[in-house]
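I set out to record what I looked up in this structure, entry by entry. The notes begin with ring pairs and go on to charges, cores and annotated spans.

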Amino acid sequence: MKKFGIGLCLSAMLFTSVAWAAEQPLKKETPPDLYEGTPDWYRATYKDNVGLREGSGPFKDYFKPQMLDMYWQPNRHYEPMKNLDHSIFIEKERRDLCVTCHEEATPGVVSDWRSSGHKNPKSSPYLSARTAEIEKRTNRILNEVHCFDCHADTKTKQIRMPTGEVCGECHRPQFDDFLREREMGRPNHIQSWEANTIVPWYAEAARRGYLYGQHGCDLCHSGAEKCDVCHTRHKFSAAEGRQPEACITCHMGPDHPDAESYGESKHGVIYHKEEEHFDFTRPLSEVRPGKDYRTPTCQFCHMYEKHGRFIHNPVMKGIWRMGTVPPKNLEYTSSLKDYPYGIKIIADKIDIYSEENVAKRSYWLEVCAKCHSDRFADTYLKSLDEFMFQAHTLADRAQKIVEDLIADGYLYPSAADRDPYPLSDGIEKQLSPEFLGEPIYNAFKTLKGKFPVVGPILGVYGMFLQQQDNPSNIENMYNRLWFWYKLQGYKGTAHVQQDVSWWWGQAPMMMEFTKIQSEAARLRREGRIEKASLTK
Amino acid sequence: MKPKVLLDKVGFWRATAVTGAALMLSIAPMTVSAVNIPTEVTDLGKDTYKKYCSPCHGEEGKGDGPLARSMLPKPRDFTRGAYKFRTTPSGSLPTDEDIYRTVSYGVPNSTMIPWDILTEEQRASVIPVLKSFSEAFEVRKPDAPVTVGLPLRPTERAIEEGKKIYEEKLECWKCHGVEGRGDGPSAAEQEDDFGFPIKPFDFTTGKFKGGNSAQDVYLRFTTGLNGTPMPSFAKELTDEQRWCLTYYVMSLVKPEGTKK
C-alpha cells in the first residue's frame, strides 16, 4: 500500500524515532530556518511578522488573517498578549513564577509539562542518551527544559509562540528531516500554509465575507510551522506521534479518507483490536514487525525512507501523492493532455515509471516485505496503479464531455454571464507570466476571469467557493468525480479498504459520470431548442 | 506579641522546633519589614497597579480585569474591603502590612504569584491604590491586630486535642473532609460573599494560603477569612485550643508523591 497521505509530521518532539538521523554529522551551524532556501518574496509574505494587520502569500493584501492565525502561523501572525505584559518575568528570568501562576491559570499545561521528557530529560536510559546527544550538539546541560526556554523571546522580552525553529534548536535532526519535505513539493506539511493561502479562492472568499467559514481550512493547514500538530503540547511525546491517531484529525474526509480507509482495513482493525500490544515508545527504526507491531501504522509505512532507514517526514516516498495530479503514462482526450497548461507554480504530470518512482516503489516493497511476499506486495501496488490509471481515464472522459460542451457554447449559465474566476483581478495584478505562464496570464488579463476553468487543479475552486452561478451544475458534478470519488477510491484501494474503494470511490465515480453525460445531453438539447426558437 | 509585617518564611518544621515563647520571640524580629508604605496614592502606585495588578483585578479594582473571566478562584474584588489574610479581628479591615504581606507572599493555589519580582517600593506603592477602591477605608480604620498567645509545642497530645476539635467540637470535616482534603459533604455548597463557589482548603497540599508557619495557620483560626464562609474561632476556642487545631491541620499535610 502506498500513497502520500496519512502522515505524522513535523519535527519537534522529544527524541524522535529517527535514530539514524542523530548519527549523521552535523550538517550546519546556522539557526534552524523553516524557510531556508526560499526566495525573498516568499519569506516576506510568509515569515516576516505582520501580526494580524495583513494576510500571507501573494494575495496578502486582499484579506486580513483570521484571529486564530496568530497561533497557526506564528512567525507571520503571532502577537504577544496585550492584557498582561510579561516582559518583567523574562527580564528577570523568573522561571519559578511561570509555573507558580500557570499551575493555577492553566493547570493542564503544567501537568502535561511535568509528565513530559522536557521536565525530566534524563528519566530513562533512552531519554538520557538522546538528551546527551542534544547536550553535545548544543553545548548545554539539560536537566530540565522549561517554559522559559521555549516561550521567552529574550531579545524582544516578550512571550513567543514557539515554531519548529524553536524546537529545532535542540531537535535539529528531526527539524532538518522535516525541512526536506520541500524537496518533494506540495502537497506536504511544511508548505501547507502556502497551499492554504496561495489559492485565489481563499482571499476571494474572505472579501466576500466568508473568512471565518475557512476555519476548517486553517486548522489543518496550520501544520507548516508547528510541531504540536502531531506531538500535542505540552507533552510533546514521541510515542504519541507514532500512533495512527496522531494523523487522523486532518487525514480524513472526502478528499483524503485516510483515517476511514486505514481504520477499517485489516491493518487498522488489527491495530484497534490489539493496540495494547503495540509498543509506541520504540523508535520506528527499532520496531520489530510482528513483535512490537503486528500491523503497520501510518508512520511505519510513510516515514520509512529506504534501506531500513526512517525519516522524520512522511512524504518522501510518495508516488501518486494526493492523487490529484494526472499521470504522464496515459493518452488523454481532454485538455489534460496539456496539463499543467504552462502554469509554473503547479507540478508537472507524474511519471509513475520514472527512475525515481521505480526506486520509491522498491522502498515501499521493502516495507511491505516485513509481512508480505515481494510478489504479493508488488502485485497489490501494481493493482493500485491500474486503479489509478483507470480512474484518471474516467476523469479524462468526463472532463472531455464538459470541455466539449463549453467549446460548443452550451454551458449554462455561460462564463460571460456569471461571476468571474475567484480573485481574477488579484491574479492579474499580483501574479505574472513568470508564475502562470504566458497563455494563462494573458487569459486572465484579457478575459478578466470570465472563462470556465475545469479539472485539476485550478478547477477545484468550486469545492471551496461557490459564487453567482459559478461553477454550474455540471462543473460541480465533475469536481465531485475527480476530487472526491477518484480520491476516495484511491485511498480505499491504497489502504486496502474494499468498501471505501468501491462504494465511496469507483461506484459513485461511475454514477457521477453518467450524471455528467445526461446533464450534458440536457444542456445541449435545451441549447438547441433555444437556438431553434430564436431562429424562427 | 503583635505580629506586624510578616514576611514569614518560617516553615512548619522550623515552627515545630520552637520549644517555647522565648525562642519564638527571638525569631519574630526576622519577620519584620522596614518597608515604608505610602499613605497616599502615588504615580508609581498607579503605574504599578495598572501594569501588574489590573490585568486580573481590573482598572477599578472590581476583580474584573481582562484575565479574570477564566480564572478560578476569581481575583479579589477590592471594592468591599474584604481581605482574607489579616492580623486583625474578624470583619476588620486589614493593616497595610497585611496587604503588603499578601502582595509579597502571593496566594498559593491561585494565580496570585508572590510579587517579589517587583521592588519593595513598587509593592508598597500599590497599597494605597488598593485601599482607594473601597469606601470602607475612608470611614473605618483597621482594628488593632489580634494578640497571639504563647504557642504550644506540637506534641501528640496537642495534636490529638486538635483532632477532637476538628472532628467533634467544630466539625471542620463537614467542609474540609475527614482527611482534610477539602472534600467534606458540604464542600460543594460553599460560596464566598461575592457569590462564587469557593472550595474549602485542602490541608494535604501543605500550601497554606496565608502562609505555612504555625503562626500563620493559627492566625487564620483567630481572624477568620473575611469574605469567605471560613469564620473566626476567636470566641469559640481558647487560645490554646486554636494552637492545638493548628497543629492538627498541619499534621494532615501529605508529603508530595503520597497524595491520592
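**Aromatic pairs**

I counted 39 aromatic pairs over all chains, taking rings of Phe, Tyr and Trp (its six-membered ring) as paired if their centres lie within 6.5 Å, with planes under 30 degrees apart counted as stacked, over 60 as edge-to-face and the rest as tilted. I looked up A:Tyr271 and A:Phe280, an edge-to-face pair with 6.1 Å from centre to centre and 80° between the planes. Both A:Tyr271 and A:Phe280 are buried; buried means under 20% relative accessible area, exposed over 50%, and partly exposed in between (1.4 Å probe, protein chains only). Why is the pair of A:Trp502 and A:Trp503 edge-to-face? Their planes stand at 80° and their ring centres are 5.9 Å apart, so the pair falls in that class. A:Trp502 is partly exposed, at 38% relative accessible area, and A:Trp503 is exposed, at 51%. I also noted a cluster linked by ring pairs, including A:Tyr271, A:Phe280, A:Tyr293 and A:Phe310.

**Basis of the notes**

The model is predicted: local features need pLDDT of at least 70, side-chain atom pairs count only at pLDDT 80 or more, and totals for chains, interfaces and linings use all residues. Residues are numbered from 1 along each chain as its sequence is written, chains are lettered from A and ligands numbered from 1 in the order in which they are written, and side-chain values use heavy atoms, with hydrogens and water left out.

**Charges over rings**

I searched for NZ of Lys or CZ of Arg within 6 Å of a ring centre and within 35 degrees of the ring normal. The charged end of A:Lys317 sits over the ring of A:Trp364, 4.1 Å from its centre. In chain B, B:Arg101 lies over the face of B:Tyr105, 4.8 Å from the ring centre.

**Nonpolar cores**

A nonpolar core is a set of buried Ala, Val, Leu, Ile, Met, Phe, Trp, Tyr and Cys residues joined through side-chain atoms within 4.5 Å. The largest has 95 residues, and A:Leu436, A:Ile474, A:Tyr478, A:Leu481 and A:Ile516 touch the most other members. Helix H22 of chain A (residues 374-407) gives the most to this core, with 13 residues; helices are DSSP runs (H or I, at least four residues), and strands (E) have at least two, numbered from the N terminus. Apart from this core lies another of 27 residues, among them A:Ile88 and B:Tyr100.
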